[in-house]
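Please read them beside the sequence and the coordinates.

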Amino acid sequence: MTTPISILQKTFGYPAFRGQQEAIIQHVTSGQNAFVVMPTGAGKSLCYQIPALCLDGVGVVVSPLIALMQDQVGALAQLGIAAAAIHSGLPPHQIEEIRQQMRTGTLDLVYVAPERLVMPEFMDFLQGCKLALFAIDEAHCLSQWGHDFRPDYAALSVLAQRFPAVPRIALTATADAPTRGDIVQRLKLDTGRTFIGGFDRPNIHYSIETKNNSKQQLWRFIQDNHADDAGIIYCLSRKKVEDLAAWLKEKGARVLAYHAGLPHDAREKNQARFLRDEGIIMVATVAFGMGIDKPDVRFVAHLNIPKNIEAYYQETGRAGRDGLPANAYMLYGMEDAAMQRTWIEDSEAPEGQKRIQHHKLSALLGLCEAASCRRQILLGYFGDQAEPCGFCDTCDTKPETFDGTIAAQKALSASYRTGGRFGVSYLIAVLLGKAEQDPRIVRFKHDQQSTFGIGTEYTKAEWQNIFRQLVAQNLLAVDVSGYGGIVMTPKGRQFLKDKQTLALRALPKRIRTETLRSLPKGSAAQSLSTDEERALFNALKTLRLTLAQKSNLPPYAIFHDRTLVDMVKQRPTSLQAMLSVNGMGEAKLKKYGQAFWEVLKKEGVG
Ligand code: ADP
Ligand code: ZN
């Protein structure tokens, strides 16, 4: 009999379930509905794939990105699972072939785009097939409250009426409470259960630095930590993407670009190369990434801050899906924050929504300026309690702080006395007593005020550091409705009134990328301890790439890095013993076991 655990071990080659996987699979296999909210990399796919294999009939998977369906189907085929994808890119005779397989029950899983699934003709056709389940992946696309609403998805609410007896399982990595409620209601999952996993991604190392020469900082970070690794770098605009990609290429990095302004073909091609080749860096706008389940993305870097913590967490979550160490690295500066504020103001959103967006942006700035554990703040934002993690920049090196009470008082009063109409550079010139830097200082007689020249104990860079933190702590704010000047907030007024004290982060003495050097390194090879082990790992990788190219598959569809590392560590003493390697199922052993075994033997095993 095929039980979930035997499928996990024999087909997928994993020894045990993770977290709530077993409970979810049990629940769905018994014919009930489920809603699963678990972070990226937690292993959501198995939660519908294994039930689809246990239950009679074909499992229908709704997935938003046609481009990636093919890769998923390819990966399943490697495991010996009969899977197919129906999408608009297929010629009619192939679609008919797949439909035939669905009718006769020879297919385990079929991936379908939402717009096709809800076509009346397709619905009628499904009615004539034996169905194991419906899995709705990226279910947050269903809700207007979610961050990627797709009208196609909303139409999926018909599933409950048309197929009341077929279990539905909806899955997403990111959904706040209103979005969750909406999904449950639209898919009529209220008769089922909701499974919510913790939000933590313990293998991701978070670090955030202030910008001073962003390209150099980034380049250093890459060279020190990720010389041969695949990664994603997010920039705010198409122009910045192009510019940075060109610069990195000149430096000798293997980079590709991706943004909505590129022709469709070029985007598809770059995405495919990112998935299929190894060690490619993708410089992209946020248009890139949804549904990308490349497991070995070793770093995600942000050259500009995203719009809120949800976006940051989703984007950084694309790193390290395979559970091996990965880096989330962000550079930020005041200009980014000001630009985001302006965009919010200039948007068509109603006032209430704008307020929420400003509030969310402030929370992100708070994260950037924090002197405490980054993970604690991130998890706290999503409602999870945590201890300091020991695996983020502020845990690695406790930021130096200083008593910023007087500095804050001076900065606040400089803003207040100049009427809240001027930017940071102007206020700093006033504090430093440098009237020559801006003719308006004399014109408005700001050189005659008590705040003129009272801040000479700090340098310009130090004042910038102070102002940034005061804005992040919401004692000062950028006045986006007026001239973009820096104004005192009610919280700032309270601060002065109550004579509160304030600790601020000191300006780092050096560019902090240097401290990143001592970090646990990201790539799989680095978890190996000797040169001999690394050489063996590389030999296995070379074989993997050759095999992947021969069958036009991404290398990870053959074996994950983790599986190769495990081969090196375990050194199985026979072909059969290879089965105990993590990620080695029966189909893969049959297909590839011999070839990898040869390399292991040749490089001196046993
Ligand atoms: P999600 O969809 O939640 O982002 P995936 O389903 O892509 O995550 O799983 C992430 C990775 O973890 C995949 O490479 C998957 O094969 C692996 N994985 C899932 N479940 C297990 C398990 N029980 N043991 C080992 N690896 C697992
Ligand atoms: Zn930490």
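**Notes on the predicted model**

1. Glutamate 138 is found in the loop between strand E5 (131-136) and H8, where helices (H or I, at least four residues) and strands (E, at least two) are DSSP runs numbered from the N terminus. With a relative accessible area of 18%, glutamate 138 is buried; buried means under 20% relative accessible area and exposed over 50%, with partly exposed in between (1.4 Å probe, protein chains only). Its phi is near 50°, a positive value in a residue other than glycine. Most residues other than glycine have a negative phi.

2. On the basis of the values: this is a predicted model, in which local features need pLDDT of at least 70 and side-chain atom pairs count only at pLDDT 80 or more, while totals for chains, interfaces and linings use all residues. Residues are numbered from 1 along each chain as its sequence is written, chains are lettered from A and ligands numbered from 1 in the order in which they are written, and side-chain values use heavy atoms, with hydrogens and water left out.

3. Arginine 571 also has a positive phi, near 45°, in a residue other than glycine, and it lies in the loop between helix H27 (561-570) and helix H28 (586-602).

4. Helix H8 (residues 151-154) contains tyrosine 153, which counts as buried because its relative accessibility is 0%. The C-alpha atoms of tyrosine 153 and arginine 186 are separated by 10.0 Å, the two residues being 33 residues apart along the chain.

5. Helix H25 (residues 531-550) has 20 residues and should span 28 Å at 1.5 Å a residue, and its end C-alpha atoms, 29 Å apart, agree with this; the expected span is 1.5 Å times one less than the number of residues. Among the buried residues of H25 are Glu533, Leu536, Phe537, Leu540 and Arg544. Seen down the axis of H25, the buried residues fall within an arc of 135°, so they line one face of the helix, the arc being that of the directions from the helix axis to the C-beta atoms. Asp531, Thr542, Gln549 and Lys550 are exposed on the other side of H25.

6. Ligand 1 is surrounded by 15 residues, the closest being Tyr14, Gly41, Ser45, Arg321 and His560, where a residue is near if one of its heavy atoms lies within 4 Å. Oxygen atoms of ligand 1 are 2.6 Å from a polar backbone atom of glycine 41, 2.8 Å from a polar side-chain atom of lysine 44 and 2.6 Å from an N or O atom in the side chain of serine 45.

Note on methods: A polar contact is a pair of N or O atoms within 3.5 Å; within protein, one must be able to donate a hydrogen and the other to accept it, and residues adjacent in sequence count only if both atoms are side-chain atoms.
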